Amino acid sequence: MRFFEEKRREVMKHIEKYMLEKMHEFLKPIDQIWQPSDLLPDSTRDTFFQEIKELQESAKGLSYDLVAVLIGDTITEEALPTYESWLSMVEGVDKTEHGGWMTWTRHWTAEENRHGDLLNKYLYLSGRVNMRAMEVSTQYLIADGFDIGTGTDPYRNFIYTSFQELATNVSHRRVASQAKKDGDMLLSKMCGVIASDEARHAKAYKHFISKIFEVDANEAMIAFEDMMRKKIVMPAHFLREVGLKIGQTFGHFTDAAQRLGIYTAIDYVDILKSLIDEWQIESRTELNEAGEKARDYITSLPDRLIRVAERMKNPMLEYKFSWIHG
């Protein structure tokens, strides 16, 4: 075990220099990137209350399921303290304040933090949301933490974040599209800029794994197989409302996303296929027996998952969220 931990630390040190070289591509300068106030009504202007009235009129057209998905996405984004502490515990992350990987973690967290800030303020102004119920769920999610099956292994963690950033890109992009159809152009723009951030972050984590495959292909392949056998769980899989047990609300949230086509079982398979292509899984031959078995499992998985997804029925609307006013 000590040998593997030491190897992980060596690999993390190796790819750290590539991360630092390309950080400017993966993350934007703080004084240039958008901020929530760029998109929200400006309380210093005389038109503030008129802008809120217009925002609320547009929000009235959003479907029940879309509001539910948007709230779930917002709570997920606001559980950021959990994700930052999780990344800081990864094997090979230098815990010094200005260590390379801590620099990445803090800058990534700073960019992600804007997402929850923006969506929370929008929901507060929309008049559609029981904010206290939502805030209770957010506090629960941070307090309950999460178990995503990665442990402190950087390979599994970066495979997870590669998948998850792609999934959040899909979700926010689809919410943007649906909001536009429902007549809320402001929300559409908000979710569009968030989706763009997630796409850049996905590019970063995919790059990190590509570099790991260059120097430790067997262990990277085995880690990929292990994560896919466990299934990639969403960060909010412990989501709950007041009076409910851990995870009891998550299924209802994903049902709403499935009904609207915001994020579906087919999307899960499409993301997996994109990662197989990105990391050139099928063509890798520099593997030992365990690595080859892992590669064969991964490459055969999309077809199996597609068959399962095609048999799934669209869930019916049969749940009322405490988050949604009225």
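This is a predicted model: local features need pLDDT of at least 70, side-chain atom pairs count only at pLDDT 80 or more; totals for chains, interfaces and linings use all residues.
1. Setting aside neighbours within four places in sequence, arginine 200 is in contact with Glu25, Phe26, Leu27, Lys28, Ile33 and Glu111.

2. Now step back to the whole fold. How many helices and strands does the protein chain have? There are twelve helices and zero strands. The radius of gyration is 20 Å, close to the 20 Å that the globule rule gives for 326 residues, so the chain is as compact as a globular protein of that length. Along its principal axes, the C-alpha trace spans about 65 × 50 × 35 Å.

3. Of the 326 residues, 54% count as buried. The chain exposes about 15500 Å², and carbon and sulfur atoms supply 52% of that area. Among contacts with a separation of 6 or more, 84% are between residues 24 or more positions apart.

4. Helix α7 deserves a look of its own. It covers residues 154-181, and at 1.5 Å a residue its 28 residues should span 40 Å; the end C-alpha atoms are 40 Å apart, which agrees. The helix is mostly covered, with 23 of its 28 residues buried. At its start, a side-chain oxygen of aspartate 153 comes to within 3.2 Å of the backbone nitrogen of tyrosine 155. After the helix comes glycine 183, with a positive phi near 90 degrees.

5. In one of them, the rings of phenylalanine 224 and tryptophan 279 have centres 5.2 Å apart and planes at 80 degrees, so the pair is edge-to-face. Phenylalanine 224 belongs to helix α9 (217-230) and tryptophan 279 to the loop between α11 and α12, so the pair ties together parts 55 residues apart in sequence. Both of these residues are buried.

6. Phenylalanine 321 is buried, with a relative accessible area of 5%, and tryptophan 323 counts as buried at 0%.

7. One last stop brings us back to a contact of arginine 200, Phe26. Phe26 forms one aromatic cluster with Trp101, Trp104, Trp108, Phe158, Tyr205 and Phe208.

Technical notes: Residues are numbered from 1 along each chain as its sequence is written. Side-chain values use heavy atoms; hydrogens and water are left out. Helices (H or I, at least four residues) and strands (E, at least two) are DSSP runs, numbered from the N terminus. The expected span of a helix is 1.5 Å times one less than its number of residues. Buried means under 20% relative accessible area, exposed over 50%, partly exposed in between (1.4 Å probe, protein chains only). A polar contact is a pair of N or O atoms within 3.5 Å; within protein, one must be able to donate a hydrogen and the other to accept it, and residues adjacent in sequence count only if both atoms are side-chain atoms. The radius of gyration is taken over C-alpha atoms; the globule rule is 2.2 Å times the number of residues to the power 0.38. Contact means heavy atoms within 4.5 Å. Accessible areas come from the Shrake-Rupley method with a 1.4 Å probe; for residues, only the protein chains shown count as cover. Rings of Phe, Tyr and Trp (its six-membered ring) pair if their centres lie within 6.5 Å; planes under 30 degrees apart count as stacked, over 60 as edge-to-face and the rest as tilted.
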